[in-house]
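Welcome! Please take a moment with the sequence and the model below, and then we will walk through the fold together.

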Amino acid sequence: MPGTNVFLVPCDPGNYDRTVGSPVDLDEYPDRPEPLQNMTEARFWGARDGEGNQSYFEKMEPGDLVLFYQESQYIGAGVIGTTFEDEEGWVRTTFWKNAPSTLIYTINNFSSISVPRSKVNQLFDYKTDYYPQGLTRVADHRVTNRLAAIKLALEKVSD
């Protein structure tokens, strides 16, 4: 069943490039967490620890749409795969220089995009200068199209 949520996620260039921009070859990491054991490669991201992020993370479901934001534009779009809490901190110590992120999710059907935030804000009826400052779930009433249609539309308007 397809997801119903859209998440907006700010990301820093280095960590994003390491684990989202290109898939990680997981065969190089036999010590990877159990939820990643049956995968040979994956793209993944995480939310920082904290009550607000925890609440949104718990709402994430496979098939939900995630849009990655960096420097006034959305640079990536994908679909949530597996979610898990990385209590051992494997991802953050292996890839993210100990960033305090243990709420991990894999990304499937990834596309690189280049869409100004104003277009995404218009799509979800946000103010022109809005940008996500942490893991953000777009409210249901703002999502007026199927997630696959939203992703396709963003790919088509991408520079």
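This is a predicted model: local features need pLDDT of at least 70, side-chain atom pairs count only at pLDDT 80 or more; totals for chains, interfaces and linings use all residues.

Helices (H or I, at least four residues) and strands (E, at least two) are DSSP runs, numbered from the N terminus. Two strands pair if DSSP finds at least two bridges between them. Seven strands form an open sheet here, in the order E2-E3-E6-E5-E4-E1-E7, with mixed pairing. E2 and E7 are the edge strands, each pairing on one side only. Strands of a sheet pair through backbone hydrogen bonds, either parallel or antiparallel.

Now follow some of the neighbours. E3 and E6 run antiparallel and are joined by six bridges. E6 is also joined to E5, by nine bridges, and these two strands run antiparallel; here Phe84 stands opposite Ile104 in E6. E4 and E5 pair in the antiparallel sense over six bridges, and Phe68 stands opposite Gly76 in E5.

The hairpin of E4 and E5 has two residues between the strands. Most residues other than glycine have a negative phi. Glu71, in the loop between E4 and E5, has a positive phi near 50 degrees. At 65% relative accessibility, Glu71 counts as exposed (exposed means over 50% relative accessible area, buried under 20%, and partly exposed in between, with a 1.4 Å probe and protein chains only). Asp125 also has a positive phi, near 60 degrees, and is found in the loop between helix H4 (117-123) and strand E7 (136-137).

Which residues of H1 are buried? They are Asn15, Tyr16, Thr19 and Val20. These residues are on the same side of H1 because they cover an arc of only 100 degrees around the axis, the arc being that of the directions from the helix axis to the C-beta atoms. An α-helix has 3.6 residues a turn, so residues three or four places apart point the same way. The cover over the buried residues of H1 includes helix H3 (90-95) and strand E6 (101-116).

Helix H5 (residues 147-157) lies across E1, E4, E5 and E6, at about 50 degrees to E6. Its residues Leu147, Ile150, Lys151 and Leu154 are buried, and an arc of only 95 degrees puts them on the same side of H5. On the other side of H5, Ala148 and Lys156 are exposed. Among the elements covering the buried residues of H5 is H4.

Finally, look at the aromatic rings. Rings of Phe, Tyr and Trp (its six-membered ring) pair if their centres lie within 6.5 Å; planes under 30 degrees apart count as stacked, over 60 as edge-to-face and the rest as tilted. The count comes to 13 aromatic pairs. One aromatic cluster includes Tyr16, Trp45 and Phe68.

Note on methods: Residues are numbered from 1 along each chain as its sequence is written. Side-chain values use heavy atoms; hydrogens and water are left out. Contact means heavy atoms within 4.5 Å. Axes are lines fitted to C-alpha atoms, for helices over the stretch in contact, and angles run from 0 to 180 degrees between N-to-C directions.
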